[in-house]
Amino acid sequence: MNGVMRKILVAEDNRLILETIFHSLTREGYEIIKASDGKECLKILEDTDVDLIITDLYMPSVNGHEVISILRDERKKNTPILVLSAAGAEDTVLKAFDLGADDFMVKPFSLVELNVRVRKLLAMRR
Amino acid sequence: MASIHPKQKKRIIYLLSSICILIFLTPQESIGKKNIDNQISTLRGNSNITSDANASLYASLQGATTAIKDTTVSVSEKKENQSEGKSELKFSRPQNEINRIVLWLVGDNNVLEFRHHMIDFGNNNLPLFLRKFYIRLVERTYTFPIIILFLLFIIGLVLNVSAVLLFMYFTNKRKNHKERYINIYRNSYEEVLRSYLFGDIEWDLALLKLKKLKKTLNRKILTEVLLTFKENLRGEMDSQIPQIFIKLGLEKDSLKLTKSVLYHRRIEGLKALTNLDPENAKEIIPNYLNDKHFLVRTEAQVSYVRLHPEDPFEFLKTLTNPFPRWTQLSAFYIFRLHQVPVPAFVDYLESEIPTVRNFSLRMIIFFQQLENASAIYRQLDSPLEMTRFLSIRAINDLRLYEGKSIIKKMFQSETGNNKLEIIKAIKNIGNNEDFDFLESIIRSDSVSLKTEACRSLYYVNNEGRERLNVLNQNSDLKIDQFLTHVTDPRN
Amino acid sequence: MVKELMSGIFENFFLIYAICIFSLYLWLAIVSARELIRNHYHTRNTNYDAIISSPFAPMITVIAPAFNESLTIVENIKALLALYYPNFEIVVVNDGSKDNTLEKAIEAFDLEKVTYVVDYKIPCQEIRGIYKSRKRAFNNLTVVDKFNGGKADALNSGINMAKGDYFISIDVDSIIDPYALQKMIKPFLEEPHRRVIATGGVIGIANSCKIIDGQLIEIDVPSNLWARFQVIEYNRAFLMGRLAWSRLDGLLLISGALGLFDKEVAIGCGGYYTKTVGEDMELVVRMRKYMAEKKIKYKVGYVPDPLCWTEVPSTLKVLGSQRNRWTRGTIDTLFIHWNIFLNRKYGFMGMVSHPFWVFFEWLAPIIEIFGIIYFLIIALIGSPNWPFFYVMLFFVYAFSITFSTYAILYDLLAYNRYKKKRMIVRLLLTAWIEPIIFHPLVVYWALRGNFDFFIRKKKTWGNMPRMGFANQK
């Protein structure tokens, strides 16, 4: 409802899911930037500032845990991070939270649920 | 006794026999390496060799002795009786050279001599029924001189290498082409389906846009796309995707695949049907639960869990093969993923198959199913270490206090791993009357048992901690390090 | 007649030997092909999602011995922490490094020394300290600081510290595929009837590959000639040799750069043997003997995917000393365990594998050099059968390059590793000059190894490690 469109960066190596999330969130009115691995994600974040990051964990080149760790520890950014991964083992989830993620969704996931969580995280940020 | 697997035995026999046959092919070429002059002198001396026209021919071509030519001419008439069938020899001068080379390549008189000897040997020594085959074999192998054989071999190898190179080239080309084709259609189908699922276009338009569905490969691509959608997304799309699958008639392909002889096709079919056509899948799954291939069984069993929410693990009762840990993992994963209601795993605890019993124990521990503790106690008598281990773990995690005395009694006769498990159990279900038990372990020699016992004594209750301090100060046991070790949660 | 036959065989010994070795390699190649195909379909139909999120995935300890690695240790540990597996721990063993390996690790991961009671299940050099991280994100990292004792000793201390049921031994500077743990633990969980005691994998060559931050980005054929020769060699060994052996259940060697072992069995047979340079092969043989003697059915598995990438020596000097060491290690292992030679009690390993290694791996270079000497003598004394000789030579050459070509083909079909045309052409050209240039060098180094082992009694890696005092508690 605001004038400004919120920017969301999605890092996901599975093309189908990436496109589907893109499609779904664009219809909700967000501006989506796509990245297909961690390296690309970090590179994009060097130049642009986004309002939310959605990332997978097990990706080629730089994986999700590292992305979170670099963003939080090195670049000291506090952009909300939502992890979306098939690896739902307790240790993996806890590690993601320890490193600084704000939310964790396991695949397979519901697009409706994703939308709700995205909205919530963006609302909290304000 | 660690004996050789029967299949391996067969292979070894094949191998040894092929080596023997190849040794048969070994000529006496060391003799061939010797000076040919020596050969001639021996032959000159030994004029009894009548079966060999080549011997004389060698002689004629080596020397300038035309005298032997006469013998050659006369012998050459006899040549027709020989089964050599080699070069017709003309004795003109310029052709001498060529003949020389040809003879080197083609004729090796000692091969013939050897062959003769081998036939004699066979005639004299071998029993009748073997003789025929032996003689035929010897004649066959020594008809063609070895060098020709080797040359043929080399040509064969060269052709082989070229064939391989061509094969590589074309396969690569074909692979790349196929990959590109699949990618193009996969992207196209994904887009169309996405637009349809999000409601951007109607079904009729979507149907038009899904091109080339008459080809099997395209239908396979489309099935895979549908599968990927189903595997990754949940929600309202869940019900739409199977409808699309059936509307397009793709289940026929999958059904056909399940009947294939090749196991990986069966798996492909089963997977597609389970996810996209559950009714059909439910009917045919029971046929594959005891399939002869391990992966097909895994796929079928995992599908069963998914398709039978009322009794997801009933198939364990009719299993005839072991239930390996990989399948247990996969079944559990699907079970949790689709939030299937949890059955009472104690039903499967009395199975005959040990791996099923182990699985049940794991599930009982995970889901904290306290009912029927006596069935768990019974498993403590199992001859398998893993089953006892899991039973002790169950007594620990489920806080079955009545089991404490049983496992304490078992302690002395148990394996190292199980002993550790028993001590860990005391930490959670123990009380003051177990202090002596733990102390005796602390006084023993084993470092890992001591550490674990210290840990248990420390965490069992406050009196335990006091007892530890007392032990530390009074006796000559130096357990300071142990205490610091066990109080650090990272250790 | 028999006497003649016998003398004929003796004189033809070299030819018979050559025929035997070629036919055996051919047989191994055929078995490997079948196994590759079987494995290809097997992995295509495996869903690894179940294990990456399972609470029942068994715990694996990654043991990484480190000696003087201060330049790259932080990167390497970071790469290990990023492995895709839900339940593993990393034990880095600082084997008395003389540089600041330990200090760098402590700083990078916020480590502190903890009080730890070490259970020396396997005797090893004294441990000076155990370090764990204050940060929760690194809570599965342990660094062991100990007095120098060599690689085998460092591995043993890692086993002593291991909490997992399985341990994987790696070289800390090689690159491990993130999916390695999932793929290598699979044989252990699938086998219903026998106990799997070890699994090996395929090693790829990382020279000239693009590596960034400890991750392999792009594969390329090495530009260094010697490394290229080794690519062909490794392909042959891994894809045509070891695959077949594992299928026949006769695999004797699991590379020290990547091997997953059952911890209980390894401890039961005493851990790595520190007084040999071929400790990786020696352990596998000893573990197999242990299981055979206890009459427990067992299996040694093999995952034919390239899961580990390592830099191979690119200079002749280093390569020569490596091959020398390998030869000495092989001879050492074969001799230490000589009692399994043609011993029915040890099954396929004793009846086929061990004799094969004796005759066709250890003795091959020796017989080859004798064959050449024999021919030279014949050539000098009398006039040899030159056409025959040339034909034989060409036959051997043709056979070798056929083999190498097939190895490249197998690799292309199975993994598509070197897929660009230019890469394949380069590999083929290298394969065609290998028998002329590289093979004689290999034979020479093997002979040196034999010489060093038997005559000079050389038993070390090449530098004398500082020996501490082995403290047993």
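1. In strand E1 of chain B, B:Leu233 is the bridge partner of A:Phe109. Strands pair here if DSSP finds at least two bridges between them.

2. This is a predicted model: local features need pLDDT of at least 70, side-chain atom pairs count only at pLDDT 80 or more, and totals for chains, interfaces and linings use all residues. Residues are numbered from 1 along each chain as its sequence is written, while chains are lettered from A and ligands numbered from 1 in the order in which they are written.

3. Eleven residues of chain A are in contact with nine residues of chain B. Contact means C-beta atoms, placed from the backbone, within 7 Å. On the chain A side, helix H1 (15-27), strand E6 (109-110) and helix H5 (111-125) each supply at least two residues. H1(A) gives the largest share, five residues. Helices (H or I, at least four residues) and strands (E, at least two) are DSSP runs, numbered from the N terminus.

4. What is the make-up of the side of chain A that touches chain B? Six residues are nonpolar, three polar and two charged. Ala, Val, Leu, Ile, Met, Phe, Trp, Tyr, Cys and Pro count as nonpolar, Asp, Glu, Lys and Arg as charged, and the others, Gly among them, as polar.

5. Chain B is divided into domain 1 (351-430) and domain 2 (435-491). The bounds come from an automatic or database domain assignment. The domain centres, taken over C-alpha atoms, are separated by 24 Å. Eight residues of domain 1 and eleven of domain 2 make the contact.

Definitions and conventions: Two residues are in contact if their C-beta atoms, placed from the backbone, lie within 7 Å.
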